[in-house]
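Here's a quick briefing to read with the model open in your viewer.

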Amino acid sequence: MSSKFNKELQVLIRDKVISPELADKIERYYATKNIERPNRLFMIFGVFGALLIGSGIILMLAHNWDDFTRLTKTILAFIPLIIGQIMTGYSVLKNKSVTWKEASGTFLFFSVGAAISLVSQIYNIPGKLSSFLLTWIVLCLPLLYVLRSHVITLLSIVLSTYYAVELGFWSHWSAKVPWLYIIFMIAIIPYYYNLLTKNISSNTVTIFNWLLPMSGTIALGAFVGASDDLGFIMYIILFGLFYNIGKLPVFAETRTARNGFLIIGSLGTVVLLMIFTFRSMWDELLPGRFVYDNQELYITLGLLVVSILVFGYTAFKKGIKTITLFQVAFMAFIGVYAIFFASGILPVIIINILVFALGVSAIKIGVSKFNFAILNYGLLIVSILIICRFFDTDMSFILRGILFIAVGVGFFLTNYIMLKQQGSNNQKNRKR
C-alpha cells in the first residue's frame, strides 16, 4: 500500500474518526486485496512478450525454411505447439498467476494456428481460409475455460467474426451461411456472463461490452442471402436486442460510455429508422421480391423472439414505468411494416413521427438526468430528421431557413437552460 494511504489512516486515528483497531482491519483488507489483484501492466507485457517471442521464432525459421527437409519442417512446425502446451499445462497444474496463464495461453493460441498452416503448406494440403479458421477456433475455444483467459476469449471473438465474414462475404459464389458462428458466440456467453457478475466495472468487461455487439453487427450481414431486403428488418431487430440488453438490470450502475450494447443499439436503431423515413426505401420493398422459406426469415423470427424475451425480462424486473421508446422502437417498426406494407406514403409518415419521438424522448431523458450528451444526442436526431426532409420535400427556402434557425436556437437555449439549472442545483447543495 502507498505511504499516502498510511498517512491518511494515521490522520483519521489522530482526529479520532476511526479507532486503531479499525485502521488495522482496513490496512489488512487492502493489503490482502492488492495481493490477490494481478499486476495488469505485467500481464500486458507478458502477453506481448509471448507474441514477440513467437514472432521471432517464426521469422528465424522462415529465413532458412527452404533449406530444411520435410521431416525437419514438420518437427519445427510442432515445436512451438509442444512448448505452448507444456507452458499451459504447467500454469494450470501449478495454479500460476493470471499473467502466466494469459501469456502461455496466448502463445499456445498462435502456435495452434501456425502449426495448422505450416503442416498444410509442407504437405500441400488444399483447403479454404474459412476451413482453416474453423479448425483453429474449434481447437482453441476450450482454452478460454481451462485458463480463464481474457485474451484468448477476445481473440476467439475476433477470429469467429473473421470466419463469419470470410464464409458469408468473401467466398464469392461458394458463400455459405456461417451457422457455426452462432455456436461459437453461445460458447463464449457463459464466460462473459461470469465476468459481468464478478466485476462489471472492469476495463475487460468494457471491452467485451463493445466487442460483442460489434461482432454481431458485422457477422449478421453474412446471414443475408437472396432476400436482402429482409436484411434491413434483421438489423433493426438486432439493434433493438442490443439496446434491450444494455438496459438489463445488470447494467444499471454501468456508465453509458462503458455500455457498448446500449450505444450501438441506439445508434443502429436511429440510423436505420432514419433511412426508412425516405419513401424510396419503402418503394423498394416489393412483396414479390421476398422468399419466405429461407434462413433470413428464420433468423428474423429467432431474433424477434429473443428481443421480445429480453425486453419482457427487463420490463418485469425494472417495471413498466422505466421502459423507454428506444426499447420498443424495433417492435413499432415491425408493426408498421406488417400492417402498412407497401401502402404508399402512410408508413413513411409514421416512421418520421417515430424518429421525431425518439429524438424528443432522448431530450427528455437528458434533461431528467442532467446529461448533456444524451440531451444533445436527442437534439441531433431531430436536426438530422429536419435536414433529411430538407432534401426530399418542396418547402420554400424561407421555411427551410426558419426551421434551421429554430433548431439552432433550440440547441443553444436547451443547453443554456440545463447549464443554469445545474449551477443553481450546485449552489443549493453547497448551502446545505
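The protein chain comes to 18 helices and zero strands, taking helices (H or I, at least four residues) and strands (E, at least two) as DSSP runs numbered from the N terminus. It's a predicted model, so local features need pLDDT of at least 70 and side-chain atom pairs count only at pLDDT 80 or more, while totals for chains, interfaces and linings use all residues. Residues are numbered from 1 along each chain as its sequence is written, and side-chain values use heavy atoms, with hydrogens and water left out.

**The chain overall**

- Of the 432 residues in the protein chain, 40% are buried; that word means under 20% relative accessible area, with exposed over 50% and partly exposed in between (1.4 Å probe, protein chains only).
- Taking the contacts (heavy atoms within 4.5 Å) with a separation of 6 or more, 69% are between residues 24 or more positions apart.

**Nonpolar cores**

- A nonpolar core here is a set of buried Ala, Val, Leu, Ile, Met, Phe, Trp, Tyr and Cys residues joined through side-chain atoms within 4.5 Å.
- The largest one has 82 residues, and the members touching the most other members are W136, L273, W282, F326, F333 and I351.
- Helix α11 gives the most to this core, with 12 residues.
- There's also a second, separate core of five residues, including I363, L379, V382 and M418.
- Back in the largest core, W136 is one of those top members; leaving out residues up to four places away in sequence, W136 touches F109, F110, V112, G113, I116 and L159.

**Helix α5 and its packing on α8**

- Two packed helices are described by the angle between their axes and the distance between the axes.
- For α5 (residues 98-122) and α8 (residues 150-168), the axes come within 8 Å and cross at roughly 30°; axes are lines fitted to C-alpha atoms, for helices over the stretch in contact, and angles run from 0 to 180 degrees between N-to-C directions.
- On the α5 side, the contact uses E102, G105, T106, F109 and F110, which meet H150, V151, I152, L155, S156 and L159 of α8.
- Those contact residues divide into six nonpolar, four polar and one charged, where Ala, Val, Leu, Ile, Met, Phe, Trp, Tyr, Cys and Pro count as nonpolar, Asp, Glu, Lys and Arg as charged, and the others, Gly among them, as polar.

**Two serines in α5**

- S104 sits in α5 and counts as buried because its relative accessibility is 0%.
- A polar atom of the S104 side chain lies 2.8 Å from the backbone oxygen of W100.

**Positive phi outside glycine**

- N95 isn't a glycine, yet its phi is positive at about 50°.
- You'll find N95 in the loop between α4 (70-93) and α5, where the residue is exposed because its relative accessible area is 57%.
- R148 is another non-glycine with a positive phi, near 55°.
- The loop between α7 (143-146) and α8 holds R148, and at 47% relative accessibility this arginine counts as partly exposed.

- F232 belongs to helix α11 (residues 229-246) and, with a relative accessible area of 28%, is partly exposed.
- Residues up to four places away in sequence aside, F232 touches L272, F276 and M281.
- F232 and T300 are 68 residues apart along the chain, with their C-alpha atoms separated by 10.0 Å.
- From S361 to L375 is 14 residues in sequence and 9.3 Å in space, C-alpha to C-alpha.

Note on methods: A polar contact is a pair of N or O atoms within 3.5 Å; within protein, one must be able to donate a hydrogen and the other to accept it, and residues adjacent in sequence count only if both atoms are side-chain atoms.
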